[in-house]
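Here's a quick briefing on a protein model. Take a look at it first, then read on.

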Amino acid sequence: MKSTRNAKSLGSFIWKSVVIFASFFTPSLYAQDTGSISGTVLDVEYGGTVYSARISVVELQKSSTANMDGKFFIPSVPEGEYTLVVTAEYYKTARITEVKVVSGEITKLDVPMYNDTSDTVELAEFVVKAEVLAESDLGLLNIRQKSASVSDAIGTESFGRLGLSDAADALTKVTGVSISDGKYAVVRGLSDRYNNTTMNGTSVPSADPDRRAVQLDQFPSGIVDTITTVKTFTPDLGGNFTGGYVDIKTKSIPDQSFMRFSVGIGYNDQSSLEDLPTANSGGDDWLGKDDGSRAIPGELFMDDAFVFPGSANEEQLQVIDDAVRAVDSQIYPNLEESPLDYSFSMSYGNRFILTDDPEKMNLGVVTSLNYKRSFSGYSDGLVGRYDVVAGQTELETTQEFQEQKGVDEASMGSVVNIGLQINASHEIGLNTTYTQSGQNEAIIRSGSFPETVDDDIFRIGNIHYTERTVGMNQLYGKHRLDLFDGMTVDWSVADSKSIQQEPDFRLFYDAVSEDGSRFISPGRSNISRPRRYWRRLDEGNEQYKIDFAMPFSGIIREVKFGYDLLENERDFSENVFAIFDFRPENSYDGDPSSYLSDENIGIGSESGEIQRYIGGFSSSVPQYKGFQEVEAVYLMADFNIAEDWRVVFGGRHESTDILLQSFTALGNPLGDDSSIVSEDWLPALNVTYAVNNKMNLRFAATKTLARPNFRELSPFGSFDNVGGENFIGNPLLEMSNIDNVDLRWEWYPKDGEVYAISAFTKTIEKPIEQTFDAGQLTYFNAEEATVEGIEMEARKSINALSSETSRVVVGGNLTLIDSEIVGADRQLQGQSPLVANFDISYEQFSKGTLLTLAYNYTDERLYSVGDRGTPNVNEEAYSELNFVASQKLRENLKMKFKISNLLDEDRSLTQEYEGSIYTYNSYQRGRTFSLSFSYDYK
């Protein structure tokens, strides 16, 4: 790992802070006593935008040229009503009438344009009223309708209507998408391993050491503009996805100055104001980071810190005493009242016109800061583990616990995007994103553990703090070169880094008789000694991309080619220490809270002898390093082989080089390195037949792949708790190759309405699956898997319930999937056979009222594959029902009320054996009631 990365992250944070501060106090450079007009010019027949369009205000003889994204901006327009004329080579002229401009506000229009040779519009000029365009949603649906591949998108309008708080929340509303563990995307029933997530087209490193997937809950909706999910591969995208390619696009250059503030509070009927397990916090926990109080003490690395006390001299005994007193004395959670949730966000943006010509030298700035502190947990969780016993029709219970859990999480995210539009043909910019989160988790379990104690109550205490940091800097450029017939060049250079730290993760075990008269101290009677872990993961990405697109006017509409280089490095390390007791068994009084109190550790004040002390303890693989390089080139062409037929065909070549090394506690290589070197050609064919200008038929045949992640390849074994699992990687894993076929019918009867049916099939060679055996989770390649599915989607306005001042919109989607491991009678691990979403919204325009009811259902899926007779572990089906009410109180003040998880169903993992169901893990999340207020300052 390069040593300059930390400096870059610090520099990025300082730079963002300066920009945010400066932006708030810099005045707008265009007049506020006038209005403005902005929008996007769209090619409604062939898709995409029209970057060469000229937009003229007839009454003012004022004009603007759409940039390479098809966006235009006309500032300083006096209040009044105007007519716009939009012209572009090879397109019919569009005349937009009744464009109303209000002083101090912006009028937004998405302008449709038709090809000059089209028979769809028989008039020489396309005329439409601005009111119709303003009420439509041409943007996202047009992009989807005219895209080269099967895709879905969700944007800021839906974020507000559905009360979506982050990217993970938003993706649950996309057809065929569900979320695993509250943060990982599962697309078309395929686990996160088969999906790829990018931000502004750039790869984002994962802050989770166990998964390749990006934690989507770390991106609040306040910093997101759109989320696009592409389900069929095209060569200009990375080939490492099978279910979906998710691109999170952050907010870009605004059309006018804006400033928004929001505050909120939340109450959970299960955890708020209830006594739940908790742990002492650091002074910076509210910022989502440790203040250093959990850092590994330097005394633990002194030369004599781990000398056996029985053979230590006086000086060495003092070192042992200093070491145990240097660690935090809390080893077992407290029970404390859980506070209410609260949140805060602020965002600011502005466009600065730097010259007299508004088409040249426009500087745009968008900044956003989001903060949230949440408290969750439960007191009635269940944890069970079981073994198969030969000749018995029931599983033998090996562990059975009641579980209490408390989680205190603080998270914040910031975005600073700066774009300089030199003219309509050239734009450069810098996108920076920074997210920080800290989670303080405390768990208490009590119950039976026959392997260790028979009739006594076995107790477990967990204190686990996890800190995650993700930062990304992306420098980009967009250029249109007239010397090369309008060829466009898009390039980007991105540097990103993620860090996960688990400082002083503590595990405590003991046992007590039912009447409380007898206690078994940790480390006695096969009960594990208390342990303390310090873990750190650093992962960094560097990515270099350049794309060229050459337009043509014949059968070949466009030829696109490019280069992509992604370098990824990971460094993981773990230090483990155990607490030893040099005193006899009866020295333990059964009080975990005093186990490491001053009078019970180090050199006893009365006896002068060592009591409890801390000693070295090592896992078999405490460190591993990984390097991955993926170099790609591609070529694709966009054809119109007939008036209504579009074909996008091409290929991508990816060179993969993965190397992973594991080390012992002494830093010596283990010799079981994992290495993958592969050259892969990934062809793609996407065909679209336009039945008419509102209906498409699509067909796609593509080849993609899936790479194992560093954690899956490493033999490192991560142990979290009794009742948890020991994760161990497999250095022998291979890449998966996938053949994909898709067919889709889609109909867009009116603006904002859509009906679609899709069918797909996938053949996966050597799929990677998670398997469970005797308390251990690992990974293996199955021989082959097949996945077949149907997706159905509909969104429609209910005219009978709508009026001129209100509307009712209903929408839903259903995905049915059948998967099979060839040669085995079971489905693919992580795959849900059914995913469904439904929502209904009522909006009253004049009163500013919006009511939404949203439902999500995810069917049962295989959590891990059993081995050697052990039953599979299944994640049970669950539903969510959310209600959102939004009310405009004043011109710029809005109130939002939300009830999340109204049904509050159990979240359960189970095993089935001989017709009986056994609980592996079960808990409820509770219902959350939240109230927020937002204020827009213009």
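What follows covers the overall build, the salt bridges and a charged patch.

This is a predicted model, so local features need pLDDT of at least 70 and side-chain atom pairs count only at pLDDT 80 or more, while totals for chains, interfaces and linings use all residues. Residues are numbered from 1 along each chain as its sequence is written, and side-chain values use heavy atoms, with hydrogens and water left out.

**Overall build**

- The protein chain has 7 helices and 49 strands; these are DSSP runs numbered from the N terminus, with helices being H or I of at least four residues and strands being E of at least two.
- Of its 938 residues, 56% count as buried (buried means under 20% relative accessible area, exposed over 50%, partly exposed in between, with a 1.4 Å probe and protein chains only).
- Take the contacts with a separation of 6 or more: 71% of them are between residues 24 or more positions apart (a contact means heavy atoms within 4.5 Å).
- The chain exposes about 38,200 Å², and carbon and sulfur atoms supply 53% of that (areas come from the Shrake-Rupley method with a 1.4 Å probe; for residues, only the protein chains shown count as cover).

**Salt bridges**

- Side chains of opposite charge can pair when their charged atoms come close.
- The whole structure holds 40 salt bridges, each a side-chain nitrogen of Lys or Arg within 4 Å of a carboxyl oxygen of Asp or Glu.
- Arg-294 pairs with Asp-285, their closest N and O atoms being 2.8 Å apart, and both residues are buried.
- Glu-746 and Arg-698 form another salt bridge at 2.8 Å, N to O. Glu-746 sits in strand S35 (residues 736-747) and Arg-698 in strand S32 (residues 695-706), so this pair ties together parts 48 residues apart in sequence. Both Glu-746 and Arg-698 are buried.
- Glu-875 and Arg-861 meet at 3.0 Å, N to O. Glu-875 and Arg-861 are both buried.
- Asp-328, Asp-504, Arg-506 and Arg-532 join up in a salt-bridge network.

**A negative patch**

- On the surface, Glu-274, Asp-275, Glu-336 and Glu-337 gather in a patch of negative charge (patch residues have over 30% relative accessible area and no salt bridge, with like charges joined within 9 Å).
- Glu-337 belongs to strand S18 (residues 334-337) and is exposed, with a relative accessible area of 53%.

How values were computed:
Patches are made of residues with over 30% relative accessible area and no salt bridge: like charges are joined within 9 Å, nonpolar side chains (Val, Leu, Ile, Met, Phe, Trp, Tyr) within 5 Å. Lys and Arg count as positive and Asp and Glu as negative; His and the chain ends are not counted. The place of a charge is taken as NZ of Lys, CZ of Arg, CG of Asp or CD of Glu.
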